[in-house]
Amino acid sequence: MPAPLRPLANAVHRVALGGRSAAAFTGTDQDVARLTAIGMTATAAVLADLSATARDRHRDAFGRVRQDQGDAFPTAWLRAALHVRETTRASARRTWQRVVSAG
């Protein structure tokens, strides 16, 4: 896996292990800024969306978290997981093709 992809991969794994609350982490803004600075704007956008949808929890009058009726968070998580998988595959394919063509 390419090193710049690690923050998004970690977020995907945290959600798989700990659920939505595990994705509502702080520090994402720094990772998004770093990814944007190195030109990985699509990855930055996917990470920002996953983090934002994880934190978007509605509460009732007593402060209890209401049941989420939408698909925004599951869709963001699936998009992030697919982005990690396909970016990793593309990177491995490029590396493999470079080695094969050099040999």
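Predicted model: local features only at pLDDT ≥ 70, side-chain atom pairs only at ≥ 80, totals over all residues.
Modeller: Before we look around, one term: two residues are in contact when they have heavy atoms within 4.5 Å of each other. Residues are numbered from 1 along each chain as its sequence is written, and side-chain values use heavy atoms, with hydrogens and water left out.

Biologist: Okay, how many helices and strands are there in the chain?

Modeller: You'll find 5 helices and 0 strands. Walk along the sequence and the pattern reads α-α-α-α-α.

Biologist: Which residues of helix 4 and helix 5 meet?

Modeller: From helix 4 come Ala42, Thr43, Val46, Asp49, Leu50, Thr53 and Ala54, and they meet Ala72, Phe73, Ala76, Trp77, Arg79, Ala80 and His83 of helix 5. That contact divides into 9 nonpolar, 3 polar and 2 charged residues. In this count Ala, Val, Leu, Ile, Met, Phe, Trp, Tyr, Cys and Pro are nonpolar, Asp, Glu, Lys and Arg are charged, and the others, Gly among them, are polar.

Biologist: And what about helix 1 and helix 4: at what angle do they pack?

Modeller: Their angle is about 30 degrees, and the axes lie 10 Å apart. That makes helix 1 roughly parallel to helix 4. Pro7, Leu8 and Ala11 of helix 1 make the contact with Thr43, Val46, Leu47 and Leu50 of helix 4. Those residues split into 6 nonpolar, 1 polar and no charged.

Biologist: Is Val46 buried or exposed?

Modeller: Buried means under 20% relative accessible area, exposed over 50%, and partly exposed in between, using a 1.4 Å probe and protein chains only. Val46 has 10%, so it is buried. Setting aside neighbours within four places in sequence, Val46 touches Leu8, Arg79, Ala80 and His83. Val46 and Ala76 are 30 residues apart in sequence, yet 7.4 Å apart in space, C-alpha to C-alpha.

Biologist: What does Thr28 touch?

Modeller: Thr28 belongs to helix 3, residues 28–37, and is buried with a relative accessible area of 2%. Leaving out residues up to four places away in sequence, Thr28 touches Leu47, Ser51 and Arg55.

Biologist: Which residues of helix 5 are buried, and what do they pack against?

Modeller: An α-helix has 3.6 residues a turn, so residues three or four places apart point the same way. In helix 5 the buried ones are Phe73, Ala76, Ala80, His83, Val84 and Ser91. They pack against helix 1 (6–18), helix 2 (20–23) and helix 4 (41–55).

Biologist: And how much of the chain is buried?

Modeller: Buried residues make up 26% of the 103 in the chain.

Definitions and conventions
Helix = DSSP H or I, 4+ residues; strand = E, 2+ residues; numbered from the N terminus. Axes fitted to C-alpha atoms, helices over the stretch in contact; angles between N-to-C directions. Parallel < 35°, antiparallel > 145°, perpendicular 65-115°, else oblique.
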